[in-house]
Amino acid sequence: MSDGPAHLTDPFGRDIRYLRVSVTDRCDLRCVYCMAETMHFLPKAELLTLEELDRLCTAFVRLGVRKLRLTGGEPLVRRNIMDLVRNLGRHLGDGLDELTLTTNGTQLAGKAADLAAAGVRRINVSLDTLDPAKYRALTRWGDFARVMDGLAAADDAGLRVKINAVALRGVNDDEADRLIAWCGDRGYDLTFIEVMPMGEIGSEARLDQYLPLSILRGRLAQRWTLEDVPLRTGGPARYARVTETGGLLGFITPMTHNFCAACNRVRVTCTGTLYMCLGQEDAADLRAPLRQADNDVPLEAAIRAAIARKPAGHDFVIDRRQKRPAVGRHMSVTGG
Ligand code: SAM
Ligand code: SF4
């Protein structure tokens with residue numbers, strides 16, 4: 001069905017195949033680069049219900065989306081989230097190729113088996129350090145042992161794991177080799193992410209901590225053999241194979257690399273706002289059309305109108321003269 005006329009194609013000829021959905025803006029951690037210590041979360045009444053999230057995702061699948069990623073905030077802290085995951089699983093093999101999520105791993109111990117049963121095959125787990133004390137400091141109160149238990153449960157459930165680590169100068173850049181070796185031992189792929197100027201976090205630390213991944217990669221290449229692999233996901237990651245471990249190593253470089261030409265993704269927030277580009281403010285409200293009718297006619301029309309405005313690309317700048325974040329919303333709103 002997805003190759004029919006229903007297709008979502010933007011003005012630059014890019015087919016929209018990938019939807020990321022933030023199911024909550026809340027989180028049980030407060031990673032220092034992502035959130036301020038005191039965050040004001042949305043009133044729960046503003047959130048789409050789980051049924052509305054299901055309708056919305058289902059409409060996108062009908063319109064040709066093949067990959068759904070649930071994110072947040074922390075997706076696994078949303079109440080009854082497993083109901084949504086199970087329901088979305090019904091589209092797998094019937095329009096949808098992949099259902100996945102990005103999580104901080106704190107709730108995985110109790111949920112990994114259910115995720116696998118719902119049809120999830122791969123997950124991304126964010127973990128910036130292997131040092132429990134540093135982990136606590138970076139997340140403000142996270143418990144490293146819980147994430148390790150969660151990862152063990154993911155392994156037991158047969159989920160493939162990719163670790164996402166934000167590269168922070170002077171914080172975890174000394175651990176990059178150790179992370180590569182550890183992921184290699186456990187059979188995990190690993191992706192480093194450049195810190196992005198999104199959302200007020202109550203300090204200017206991100207400017208000092210910004211580490212261009214070209215520098216990190218140069219450093220890593222002295223110790224590891226990195227063979228470029230032509231794997232493109234439509235996203236901002238570039239991949240290399242680490243010969244010594246066999247694992248994939250990704251570099252997400254939104255600040256230094258222009259990846260927009262192949263971008264096939266859009267994002268929806270937990271209130272039903274559709275962002276056509278992570279790095280731009282333009283957005284479309286899908287909550288009103290969702291609630292306007294029991295059928296999806298207004299919703300599909302709103303989605304099409306929004307995709308017709310997807311911009312050619314973003315223009316992030318991390319710059320000391322411009323002290324405010326390039327994009328005002330936090331990463332936890334659109335979920336990265
Ligand atoms: N809570 C889940 C997690 O941490 O995996 C999902 C949401 S989190 C916002 C998604 C990803 O965005 C995480 O890998 C996190 O490290 C990353 N992230 C958050 N703030 C960021 C920033 N300012 N720059 C770059 N990556 C960021
Ligand atoms: Fe929470 Fe993820 Fe942001 Fe950390 S990066 S505060 S785990 S939403």
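Predicted model: local features only at pLDDT ≥ 70, side-chain atom pairs only at ≥ 80, totals over all residues.
**View 1. The residues around ligand 1.** Ligand 1 has 19 residues around it, and the closest are Tyr33, Gly73, Thr103, Ser126 and Met196. Sort that shell by residue type and you get seven nonpolar, nine polar and three charged.

View 2. Thr103 uses a backbone N or O atom, 3.2 Å from an oxygen atom of ligand 1. On its own, ligand 1 has 540 Å² of accessible area, and the protein covers 95% of that. β3 (98-103), β5 (160-167) and β6 (189-194) are the elements that give two or more residues to the shell.

**View 3. The two faces of β3.** Glu98, Thr100 and Thr102 point one way from the strand, while Leu99, Leu101 and Thr103 point the other way. In a regular strand, side chains alternate between the two faces of the sheet. Both sets are buried here, so β3 has six of its six residues buried.

**View 4. β3 and its partner strands.** β2 (residues 67-71) runs parallel to β3, joined to it by four bridges; Arg69 has Thr100 as its bridge partner. From β2, the chain gets to β3 through helix α2 (residues 81-88) in a right-handed β-α-β crossover. β4 (residues 122-126) also runs parallel to β3, with three bridges, and Leu101 stands opposite Ile123.

How values were computed:
Residues numbered from 1 in each chain as written. Chains lettered and ligands numbered in written order. Heavy atoms only, no water. Near = heavy atom within 4 Å. Polar contact = N/O pair within 3.5 Å; in protein donor to acceptor, adjacent residues only side chain to side chain. Areas by Shrake-Rupley, 256 points an atom, 1.4 Å probe, with all protein chains shown as cover. Nonpolar A, V, L, I, M, F, W, Y, C, P; charged D, E, K, R; others polar. Buried < 20%, exposed > 50% of the residue type's maximum accessible area, 1.4 Å probe, protein only. Pairing = 2+ DSSP bridges. Right-handed = clockwise from strand over helix to strand, strands pointing away.
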